[in-house]
Amino acid sequence: MEPEQFHEVFSSIEAEVKKVIVGHDDVIRKVLIAFFAGGHVLLEGVPGLGKTLLVKSLSRALGLSFKRVQFTPDLMPSDIVGTQMLTEGDGRREFQFRKGPIFAQVILADEINRATPKTQSAVLEAMEERQVTVFGETYGLESPFIVLATQNPIELEGTYPLPEAQLDRFLFKLVVSSPAPAELKEILHRTTGTDHPEAGQALSDNGATVVEEMKSLLRQVLIAPPIEDYVVRLVHATQPASQKGENSIPEVKNFLRFGASPRGAQSIILGAKGSALVNGRVHVSYEDIEAVLYPALRHRLILSFQAEAENVATDQILAVLVKKVPRN
Amino acid sequence: MVYRKTVNSTPKVAKEELPERLVVRLARRMARQDLYDSLLMVFPPLGASLYLLLFSGFASRNLGSITLAAAALLAAGLLVRMGVRRAAPPRVFVAARLLDERVDGKERFMTLATLGSSTAPFFLMERLRQEAARLGARVDLGRDFPYRLKHSFLVSLIASLIIVLGFRLWPPMASRGSSDPARVRQAAKELSRIPHLAEWARTLQALADRLQDKHLSADEKRQLVQETLKKIENQSEQSRQGKGSDALGQAKEILQGVERELGKSQGQGGELKTNLPQDGKGKGKGSGSGGGSGDDQKSAALSKKDSGEAGANRPEQGTEQKSGEGGQGGEKKGGEGGKSQEGKKELEGKVSKEDGKSGGKSKVGEEIPKGSSPEPYGETAGAGLKDGRFVTVQLPEEETGKSTGASDSEKRREVRPKVPLGNVPLGRPDARDALPERQHLPLEYRGMIR
């Protein structure tokens, strides 16, 4: 696939989603980048901002199978991955595996933090290994595969915050913010009238093949060694233990308990490659790195007690890092 | 015709150059500019150093050390520059970054310059190369990366100029440039050009030789200079309108300068440390200064060996000594008096009978008995004592004042020696032109010997 083709397909998918979703351009773009980079996305935002609609529109535009799972405290792992069911046919009874919703290509895990850790962890293997194991039998998942999980940041009572290990498996964490007044007006126009715009399918029937080609091209995007070094410096700088000597960053030392893992660096590079292609380039620039730094690292930094007491967000610490870590 | 020519000569389409080659060209250009920077940064201080070395070095006729020092400076400059260049990032990378900044290449040139084409997909590299080449066509290295004088050069130049000008304009520094004998020799050379002053030239030459004699103390050198200065002053007064009066005037100035220098170096270490009461009337009270009154001068010269260096290391003692009314005035006045008297004494080769009346008057503790001058010491005392460089006089036992209720400082003020004393320097008996010296008789022996 040529870079121009990638750009064209990407733009058409984006345009289809934008037919339904007003605003959130950056969120839409980052979700698509994560999708083509082969990652999963955690969407955070208060209810009613169109998170579910965004995911639905995306799956429709991509022409991929879509399943939604509403996470609740009584949701069981088998409700997600599927279970063996006793079936009767031809006069004999046998156990047959009944696939759960995880076997779709686009999964919406709505309010993922409401389910118990046991159920949450059931999604872990699927997200990372692209397979599920039920009663000792392993079943592969279809490709492409993406989990788009949402969580509500304000209703924390009766929730089970995602463990760090699970958070680390999301390529990006995107914050869905409230729409601007003009956007809100447009939303009202689109949703309170008689016409309900719907996203069309941007990819043809062989959409999965095209997506695979796009994913392959994304990984080939060129990245200069000095830019890789910059990413390494950025990720290393998030480690509080690395903050020694004259060039230490006090914000990291005081407000972070743990820094980003190597998976964080991988996310930055993959995201930057996607960003470069979307911007019509075949090589990564510093701009791309800084564009994906926040969604790639914000959920991987574990804040200290002091940071929580002082209401310091990880984005603030990342902004300091961008300022203080030299490019060359 | 001209019009047709203009129309015919259509501007050539800028041929797109391989971006990697453009980066290498810029890197080479930067290397050249770096070299210019290095040279421009090193040359002003080098020039200034050479100038200063030549200025002082020719005077001391030490061309070997000049060459060595200049070579060392040059080598040091180059080494520093090489160190700076090694610490800098690889030049190709820097050049690529500059090109990216110039044409908003978004790291296209940097990616091409740093990414090995063997590992990257060919079609993407080709595409990147084309994009970079299109951007590179906009770059004219001469126009976009001209050589500009660096701030470091200006700083280096200004600092060097300041040093050279300071050396030239600030008299103490300028005079430090050439040594005393060299200046005197220079004056002798000037005088030797005027036939009727040839004798004076020889005198000055001899003086320069004496000034180089390491066996002579600064005091002795100063006396020699004063002696010659006096003679020149007399001569210049006689031939005020005559030929060579200018040259003599110059020689006089030089000698005055040398004399001042010697006086200064003498004054730096010349402190007399005594526990004698200092109750002079404000004149000549600072007996420790380089140029004291007649009597003070003698005692200061003798005590210089014993306490002079120590005095130099402890300058606060000098200030303590000076505290009191008119201390400085006394010092100054005493200096003038001492100067003239000592020169005279040395010239005539006999002990001055004056007791420093023209200079600062010094009343040391008890009154020094007036009357006939002391007998020549050397002749009566025999050769053994005359051979000694100094006569060290054991201070007689002091009688302290009544200490009832008096503070320490008051007690110190009340200390009185039982008998007056005096320490006198003796000339070197083995000196080439040693004049028959007559030494002061230490006061405490006067009665006994007489």
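A:Asn311 sits in the loop between helix H13 (305–309) and helix H14 (314–324) of chain A, where helices (H or I, at least four residues) and strands (E, at least two) are DSSP runs numbered from the N terminus. This is a predicted model, in which local features need pLDDT of at least 70, side-chain atom pairs count only at pLDDT 80 or more, and totals for chains, interfaces and linings use all residues. Residues are numbered from 1 along each chain as its sequence is written, and chains are lettered from A and ligands numbered from 1 in the order in which they are written.

**Backbone geometry in loops of chain A**
- A:Asn311, a residue other than glycine, has a positive phi near 60°.
- A:Asn311 counts as exposed because it has 7 C-beta neighbours inside 10 Å (exposed: 12 or fewer other C-beta atoms within 10 Å of its own, C-beta atoms being placed from the backbone; buried: 20 or more; partly exposed: in between).
- A:Asp90, in the loop between strand S3 (82–89) and strand S4 (92–99) of chain A, is not a glycine, yet its phi is positive at about 55°.
- With 6 C-beta neighbours inside 10 Å, A:Asp90 is exposed.
- The peptide bond from A:Ser143 to A:Pro144 is cis, with omega near -5°; A:Pro144 belongs to the loop between strand S7 (137–140) and strand S8 (146–151) of chain A.

**Helix H1 of chain A**
- A:Glu4 lies in helix H1 (residues 3–20) of chain A and is exposed, with 10 C-beta neighbours inside 10 Å.
- The C-alpha atoms of A:Glu4 and A:Leu277 are 8.6 Å apart, although 273 residues separate the two along the chain.

**Interface between chains A and B**
- In total, 14 residues of chain B are in contact with 14 residues of chain A (contact: C-beta atoms, placed from the backbone, within 7 Å).
- Helix H5 (108–114) and helix H6 (122–136) of chain B are the elements that give two or more residues to the side of chain B that touches chain A.
- H5(B) provides the largest share of that side, four residues.

Terms used
Two residues are in contact if their C-beta atoms, placed from the backbone, lie within 7 Å.
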